[in-house]
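Let's take a look at how this structure is packed and where its chains meet. Here's the picture to keep open while you read.

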Amino acid sequence: MLDLSSDKSIYVQIAEIIENDILLGNLKEEEQAPSTNQFARVYQINPATAGKGLNVLIEEEILYKKRGIGMFVAEGARKKIIKKRQSIFFKEILPEIMREANRLEVPAEEIIKFVEEFRGGE
Amino acid sequence: MDSTKRVLKFQTYGMKKSVGVFWSVLLTINIFTYILIGYFNSNIRIGIFDSRTNTFSIVAGNIMPIFIFLIVYGIVMYHEDFALALNFGVTRKDFYKSVIFNNLLVILVFSVIQSTLQVIDKNIMGLLGYKPMVEFSIFNISTDNIWFIMLTLALLFLTIASITNLLGILQYRFGYKLWIGLGVVFTVGQIMGNFTIKTIIALSEILLWLQGKLHYPTVLIIGFAIIIICYILGYFQIKKANIKK
Amino acid sequence: MLEIRKLNKSYGKNKVLTDINLIIEENKIYGLLGRNGAGKTTLLNLISSQILRNSGEIRLDNEEVFENPKAVENICLVKDFPDSIKERKVKDILALAKVLYKNWDEEYKNYLVKEFNLNVKKKLLKLSTGNKTIVGLIIGLASKSRLTIFDEPTLGLDAAMRYKFYNLLLEDYEKNPRTIIISTHLIDEVANLFEEVIILNEERITLKDEVSTLKERSYFLSGREDLINAIIKDKRIIHREEFGTTKIVGIYGNLTEEEIKYSKDNNIEISNIPLQKLFIYLTENIMKGECYNGFN
């Protein structure tokens, strides 16, 4: 779902929606992604905005364009998305958690212990 | 040109109705008056009665309603149709062209109807035992050609229409201020010693004198002059008109 | 498609628009925002030749618009109907629109009348405010004019009707793209329809940007005053607020990677400014940023 009041731009959210579908397996390689007009209709947004989101994915080679037909999931898209998101995880998400941990004066060993227990439990 | 055609169509849309209603009502009154006088021998003098020559015409009285119709028509044209047309993508120039065309159409219809009525009136009044009025300073029903009468009436109506058209534009642009302005002019004139009446008398005397000298062409020239001046002035005014809320 | 250069308009001594320069591109949906009385309606009236300008050029397809039938017949302005025609029946008004708009789609108009459940046999003045607005919307949509302008298209409409309008607008835009300008107050709702937003403030255009860029270029920074001051020196500040000992600053501009890292390291919170608030700040008199003054 689109969060219109979110910090993230709409076109970024559109790109993420498609990425999530690919990650979860709802959208497989070589399958067709929804068109800009379909996005516009369902989410009530300007088709150009949806197009911007799709273009981001094309630039990252997660989608590719078949002339006159539409946009399709590229080979290896899922792997690319995982790699991208892992990068964000390490560049943004984890550092933020660590900063919060520092603010709350949580010792590093406790964090490591938690990670091991958490992983072990799964 | 395509856009001009569309405006013309726009103009004629409501015209048929208003003209139709007007004449239906007027004709009904005319016929009703004939019946009153002829069948019921009433002494009501609806129409124009000339005591000097003891002549009577019911239908000539239509001139006043026609005059009022043209004034209202001119004002409504700009009050309603102008704003709407400009809102729907018409230029002022195209609109004005369509107004002139529309005016011509209307006065032609009016003059044909009215002149026919005058001729019929002459005959009916005779049948009812009255002396029919036939001499109207600019034409004579007994002696003049029907086409001549129609054209003369058309000229008269067009002159009035050109003036009411200009009034309509001025009314739209300046609103009530126009009428206050005119009122002030006349009041001031009154105060300055019956200026209004004197002017009208002076103008009529000039006209009559000229007419005596040259009869028909004078009226024609003056009529055309007024028509052309009024329509040109109107155009200059409308070019600068803003659409109001 | 539409080019406006050095447009000026005054009502008597009251200056309403100063030096307006604008380029509107073909087949995009634009939002025109501004406070009440900022001059939005005046600008739209000038574009559609309803009123006369003091100076400047307005060109459609590189031809001056004023009194130019070829330009004017491609522009449809939807706004409040003048009082004078309120005695007319809706179907008569629609019939007149059909005569005058050269691209008019009668079938589409019938479809819209059904969609909005409009009784066309009624006189205009007998309709509710919402339905009066709907008549205008129908005319705007069915006109299929290359440049269609909606001035406050949501007056009197409840939420359901508003969303119906947005849907129909996007639906038609998808099939038959045209250039659309919408002037509105309801920013949050309509912002997603726009590709670009134009903000009119104090007689001038103070911003023209893609909606997505707007969001990405506006931030709240909150934290300790002395720490914040270090990074806002060269930024366009649009809002200042104090919250206890915390200072909140709203900026419009880009933050570099270093500035972001600096903020994170110094406990300066960075968050986005909601569009509604952003709009209020950009049109407040207190902080005047630079004016948008040129073609982009």
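The largest nonpolar core has 135 residues, and B:Ala85, B:Phe157 and C:Ile149 touch the most other members. A nonpolar core here is a set of buried Ala, Val, Leu, Ile, Met, Phe, Trp, Tyr and Cys residues joined through C-beta atoms within 7 Å; buried means 20 or more other C-beta atoms within 10 Å of a residue's own, with C-beta atoms placed from the backbone. This is a predicted model: local features need pLDDT of at least 70, side-chain atom pairs count only at pLDDT 80 or more, and totals for chains, interfaces and linings use all residues. Residues are numbered from 1 along each chain as its sequence is written, while chains are lettered from A and ligands numbered from 1 in the order in which they are written.

- Another core, of 6 residues, lies apart from it and includes B:Tyr34 and B:Leu117.

**Where A meets C**
- Chain A puts 17 residues in contact with 17 of chain C (contact: C-beta atoms, placed from the backbone, within 7 Å).
- H3(A) supplies the largest share of chain A's side, 4 residues.

**Where B meets C**
- Here 25 residues of chain B are in contact with 20 of chain C.
- H2(B) brings the largest share of chain B's side, 7 residues.

Technical notes. A residue is buried if 20 or more other C-beta atoms lie within 10 Å of its own, exposed if 12 or fewer, and partly exposed in between; C-beta atoms are placed from the backbone. Two residues are in contact if their C-beta atoms, placed from the backbone, lie within 7 Å. Helices (H or I, at least four residues) and strands (E, at least two) are DSSP runs, numbered from the N terminus.
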